[in-house]
Amino acid sequence: MEPISRVVSVDTGPPILPFFQLLLLHLLTLGTTSQSVSVITLERDMSWPKDCGHPAIKPSNATLRVVNGVEAVPHSWPWQVSMQATPVLPIPYMHGCGGSLIHEEWILTAAHCFIPLNKPSFWRMCLGKHHMNSSADVPSAEACYKVDGIIRHKGFVYEQDKTDITNDIALVHLSEKVNMSREISPICLPKPGAVMPAGTSCFVTGWGDEKVLLFVAEQLNQAALPIIDYPTCSKPAYWWDTLHPSMICAGYESPDELKSACQGDSGGPFTCESATSSWEVHGIVSFGPQGCIKDKKPSVFTRVSAFSDWIEQNIKKFIFERTIRFN
């Protein structure tokens, strides 16, 4: 079992207090005037985009494969993020992971993407890309944003225990709000606890390792992967006890079909269309077999709906702590 990319872990800080406790602490700390302003701001910042999951450019629904480099319709997955890192400037930024734009200030991705580059200053989040070399996009819609916060799940312990890759989820806070456009818009979060039925085809997207080497693709790729039910994917011949209910298993039983997620896709979205025709990020690319394709070893994704409370509480906690800092 290998995470689908190379990137680190860091302590995520103290336990998350229930929001009412944070709010009570906030009220005790600040004066009356600033209290009301801060609480109003906090609630406003937590409003989720109402027009999420509706790309201006419709994606192709062709059931094609990421590993062999099938190109997506340019800008048809407008929430796709290229997470790029550099250990120190002037070393150029390099694509390391994918991510999903879920809010004008927030990116959803995998915790393992930050091994070992775990400081916000190492990273930038690039949106509006199709070609990895943005000069090939004419005109270019690319916009890159600095990062001022990385929140990894405290229960992510893969660095200490290589047999445990549960809780592979992280949030990235951008230093400024994203300017939405035809090429850049957010994806919806699924309802808490939602589980897509087995056999449902959802799309994995990313600049995947096309030929199972150590390079990313030149353009954004996509593949439709059918969801495999938990009882099947947790069998000994499959992922057995590595798989947990907080994960989604998707792909094909035979390696001959060559459809999978791969290195360049780590942290990227596994996107399903809802009954209302909006797109939701049901999974985060987490791990797969070494070499990407192996018999009875489908791709595994963090199930986003299992972490709905974690996402909301951590965003609120971040906003609260920032409010305290600037008052």
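How many bridges pair β8 with strand β9, and in which sense do the two strands run? Strand β8 (residues 201-206) and strand β9 (residues 221-228) pair in the antiparallel sense over 6 bridges. The structure is a predicted model, in which local features need pLDDT of at least 70 and side-chain atom pairs count only at pLDDT 80 or more, whereas totals for chains, interfaces and linings use all residues. Residues are numbered from 1 along each chain as its sequence is written, and side-chain values use heavy atoms, with hydrogens and water left out.

Helices (H or I, at least four residues) and strands (E, at least two) are DSSP runs, numbered from the N terminus, and two strands are said to pair if DSSP finds at least two bridges between them. Strands of a sheet pair through backbone hydrogen bonds, either parallel or antiparallel. Because 5 of its 6 residues are buried, β8 is largely enclosed by the rest of the structure. Buried means under 20% relative accessible area, exposed over 50%, and partly exposed in between (1.4 Å probe, protein chains only).

A barrel is found elsewhere in the model: 6 strands close in the order β2-β3-β4-β7-β6-β5, with antiparallel pairing. Neighbouring strands of this sheet are turned by 45° against each other on average, direction ignored. Axes are lines fitted to C-alpha atoms, for helices over the stretch in contact, and angles run from 0 to 180 degrees between N-to-C directions. Strands β2 and β5 run antiparallel and are joined by 4 bridges, and alanine 85 has tryptophan 123 in β5 as its bridge partner. Helix α4 (residues 308-325) lies across β4 (106-109), β6 and β7 (170-174), running at about 35° to β7.

Glutamine 84 belongs to strand β2 (residues 80-85) and is buried, with a relative accessible area of 4%. Its side chain makes a polar contact of 3.1 Å with that of serine 82; such a contact is a pair of N or O atoms within 3.5 Å, where, within protein, one must be able to donate a hydrogen and the other to accept it, and residues adjacent in sequence count only if both atoms are side-chain atoms. Leaving aside neighbours within four places in sequence, the residues in contact (heavy atoms within 4.5 Å) with glutamine 84 include Trp123, Lys129 and Glu142.

Lysine 129 and glutamate 142 themselves form a salt bridge (3.1 Å, N to O). Both lie in the loop between β5 (123-127) and β6 (143-152), so the pair ties together parts that are 13 residues apart in sequence. Lysine 129 is buried at 6% relative accessibility, while glutamate 142 is partly exposed at 24%. A salt bridge is a side-chain nitrogen of Lys or Arg within 4 Å of a carboxyl oxygen of Asp or Glu, and by this rule the count comes to 7.

Another salt bridge links arginine 152 to glutamate 159, with the closest N and O atoms 3.3 Å apart. Arginine 152 is buried at 3% relative accessible area, and glutamate 159 is partly exposed at 26%. In helix α4, lysine 317 and glutamate 321 are 4 residues apart, so about one helical turn separates them; their side chains meet in a salt bridge (3.0 Å, N to O).
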